[in-house]
Amino acid sequence: MLSSQEFYIWCQHLGLTKEVSEAIDFIRSSPPARRVSSKKGNVSGAYPSRKMGRTIQFESHKNELAAILEYEYDPDVLEYFDQPAPPIKLRYQTKNGKEISVVHTPDFFVLRKQSAGWIECKTEDDLLQLTERQPKRYLRKKDGSWSCPPGELYSTELGLTYDLRSSAVNNIFYLRNIEFLEDYLRTETPLVLPEAQRQIRSFVQTNPGISLEQLLQSDQGITPDQAFSLIATQELWVDLHGVLLTDPKKTQVYSDRASAQEGRDSLPTTSHWFVPETGQSIIWDGVPWMVGNVGASTITLLGKESACVNLTTEVFHELARLGLIRSRPESQDTLLTSEQPSILEAADPESLREANRRYAIISAYLNGDPINSEQQSARAVYYWLAKYRQAEKQSGDGYLGLIPRSWQKGNRHPKLSENIKALMVEVIESQYENLKQRRMSEVYGALRRECELRGWVPPSYVTFTFAVKNRPRHQQMVKRQGVRAAYPEEAFFFELELSTPRHGDHPFHICHLDHTLLDVELVCSVTGQNLGRPWFSLLTDAFSRRILAVFISFDPPSYRSCMMTLRECVHRNGRLPQILVVDGGKEFESVYFETLLARYECTKKTRPGAKPRFGSVIERLFGTTNTQLIHNLTGNTQITKNVRQITKSVNPKNLAIWTLGRLYERLCEWAYEVYDTVEHPAFGQSPRDVFTNGLSQFGQRRHRSIENYSEFRILTLPTTSKGTARVSPGKGVKVNHIYYWNNAFRNPAIEQTAVPVRYDPYDAGTAYAYVGNRWVSCFSEHYTSFHGRSEKEMMLLSGELRQRQQNHRRKFKLTARKLADFLARVETDELLLSQQLKDKAAQSVFRLIEGGYAPTNADTVTPAPGNESANPEAETINYDKFEMYEEF
């Protein structure tokens, strides 16, 4: 962002008045005028802008986000602000000539080197509809661009601009490439050593236009990370506006832009050079051919009458450069006329069999043999011959004349009058398509009465039901049962044009995070009491469908469960995703959750509510978890779908035997070892193999790893409802009914002041307070009671205690003393001792939580880098962190 001095110089350079400068400065210093949301099928979110040092909201990930990516990496753009405040007032005439004024908040306010103004983003389809309803507000120019006359009038008076940006200006190649390269654009540390950079550039200079695939497969040992890093820093040049980096075969690499231009200038001005693809139609010296195969050294061409020619790649491209071989547009394809597809498409299998029979009979005559009158009458054969020759003359394909056109026989015209049709539509719309949900028979009775009153012959009931069923199903369901009930009938959206793939271009590109209740009842490991169903949090990589992190808890979804899931992701994978897709739950709107994502430059996308197809990747994985694991456990709740069939003997609450700790252990084993290695039907490979292959093909991107674990850990820690705690003299700060102490609290200036606090759900013995411009560790008053417990053991005990008390006394308050007494009472319990032994044998599970890696010694755990505790005992023993959530 510009400093105050730089902003002043910029204003002076543009000659802006004091009033306009102050207005722009107000926009720069004000928060967004509103918070965007996902409502009508749009995917909103927040983009972490490095240029602006803040998150920028977008209301559509295919329109506003595209504009953000352009502004972020456009050197002409100095600053840009989303939902600029205050709103502006537009005055214009409606379609009927009425003068109106509307308060309008544009999507962006952009400061460029030579201008500044508002930007409103709309899709091309929306603009085509809006210009019909509001022709004075939205105007299409002769060159196809759009303008907003009232917005331009308002901005011109201030010496600013107002632009209406259509989605048609988006360059999909550039946007996808920028998103693909963002991991390399955001790093400040060079990923390629100077000597290696010189060698790679020298190799490309000697091989200008080499494909990215050939570059990576060369004997130079160039890694994808090195190639993509040099492309991102423009040390290697690729036409990011015309080719996709995810298609290395077609991506040509040059040492710089000038070399690329020289390569293009060397082609003849009339050159029809192109990259052939299998199945592509071409013209070779005026004769149509089809590309049958594109090999490493030869290209196979298929012609008429089974003609086949093999050309070397060099010869093919030379003929293309000379213009002898050209790509044939579909509009020039004369093999099929406009009539032929309709005849072939309308023909049923029986008609095609009859056409084949006729052709077999006349083919003998065409070859000079006499007509076999015993097989078919001569008159019929002559008739077929006439049809064959007529079709051959008209379309070049005589076979079409032999196809029986039975679908054209008979009276195909409707017999109902237009008046009865209009009445039938009116009755259906007014009496059937409404929230009363009347049956068709009752509505048909109303139609008969209306026809009799008008003296018309009513249509039959079959005709009426046919008309009802031929109405748009989705719109009909919306009118009868509402939007949510009609969602299954909504048409699927198919990507018919090149755009950002819904599942990403590489591992960690797009990941999904969500929660659900598992279909299993759990019990307390101490008392055997039923504690209900646990909540399951899941983070999955959309590109490979690999499960990155799992987490279960008795607590309903909150920002705490989100934080713990992301922490597990870092423990297992060392990094966070580039884009995180979530739903509209409140837990994803937390300041702490959004701060964590912004700090580690993770774009958050919010999918629209009540539209599960937008999250089909993770919703399907929830179902897979239930069918492959949960529904095979004793105490699963499948039978509860039929409530009337439940008896005491089959009630899952009475059959439950699984505890939270045991279930978590088996869930991790299934997610990370079983599901991860089983072939996925979408790929024909296991998620682990797809993930590994994706990293090797599109870069390991290790520079995105989180190295400062201490900072990350603090950002993932939850806080209290207030966010602060008062320092009590001699006691410290009280967090979740437990006092924590640090010697920094002895400072008289700190006593009786409210300081920011955070606590670790995996370590109730330690909390953190922000004192003296730094975070300090504080230890619990009952630290000895909480010390020496494993992660899963403490997660089980603290969670079960709260759940057990909630079942009896909803206003129960968990205190340190009660928790310590509880732990003391169950110390000798056989189940707890068995759990402790299993913890020692299952050390590999600990890396999912605190600890970073599986320990090599069963008695000593080496802390993760940057995670050393201030307590001296932490140098030799592990605290065995535990989870303890508190309600607020």
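## Basis

Residues are numbered from 1 along each chain as its sequence is written, and side-chain values use heavy atoms, leaving out hydrogens and water. In this predicted model, local features need pLDDT of at least 70 and side-chain atom pairs count only at pLDDT 80 or more, while totals for chains, interfaces and linings use all residues.

## Overall make-up

The protein has 30 helices and 30 strands. These are DSSP runs, numbered from the N terminus: helices are H or I with at least four residues, strands are E with at least two.

Of the 888 residues, 47% count as buried. Buried means under 20% relative accessible area, exposed means over 50%, and partly exposed lies in between (1.4 Å probe, protein chains only). The accessible surface comes to about 45,600 Å². Carbon and sulfur atoms hold 51% of that surface. Areas follow the Shrake-Rupley method with a 1.4 Å probe; for residues, only the protein chains shown count as cover.

A contact means heavy atoms within 4.5 Å. Among contacts with a separation of 6 or more, 64% are between residues 24 or more positions apart.

## Helix H15

Helix H15 covers residues 418-432, 15 residues in total. From first C-alpha to last it reaches 20 Å, close to the 21 Å expected at 1.5 Å a residue. The expected span is 1.5 Å times one less than the number of residues.

The buried residues of H15 are Ile420, Leu423, Met424, Val427, Ile428 and Tyr432. They cover an arc of only 135° around the axis, so they sit on the same side of H15. The arc is that of the directions from the helix axis to the C-beta atoms. Their cover includes helices H16 (440-453), H17 (461-469) and H18 (473-481).

## Salt bridges

Side chains of opposite charge can pair when their charged atoms come close. A salt bridge here is a side-chain nitrogen of Lys or Arg within 4 Å of a carboxyl oxygen of Asp or Glu. By this rule the count is 43. In one of them, Glu59 meets Arg34 at 2.8 Å, N to O. Glu59 lies in the loop between strand E2 (54-58) and helix H3 (64-73), and Arg34 in the loop between helix H2 (18-29) and strand E1 (44-49), so the pair ties together parts 25 residues apart in sequence. Glu59 is partly exposed at 21% relative accessibility. Arg34 is partly exposed too, at 33%.

Another salt bridge joins Glu188 and Arg50 at 3.9 Å, N to O. Glu188 lies in the loop between helix H6 (172-185) and helix H7 (194-206), and Arg50 in the loop between E1 and E2, so this pair ties together parts 138 residues apart in sequence. Glu188 is exposed at 73%, whereas Arg50 is partly exposed at 37%. Arg471 also pairs with Glu433, with the closest N and O atoms 3.0 Å apart. Arg471 lies in the loop between H17 and H18, and Glu433 in the loop between H15 and H16, so parts 38 residues apart in sequence are tied together. Arg471 is buried at 19%, and Glu433 is buried at 6%. Shared partners join salt bridges into one network, whose members include Arg50, Glu182, Glu188 and Arg701.

## A nonpolar patch

Tyr365, Leu366 and Tyr382 form a nonpolar surface patch with about 280 Å² of accessible area together. Patches are made of residues with over 30% relative accessible area and no salt bridge; like charges are joined within 9 Å, nonpolar side chains (Val, Leu, Ile, Met, Phe, Trp, Tyr) within 5 Å. Leu366 belongs to helix H13 (residues 349-366). Leu366 is partly exposed, with a relative accessible area of 37%.
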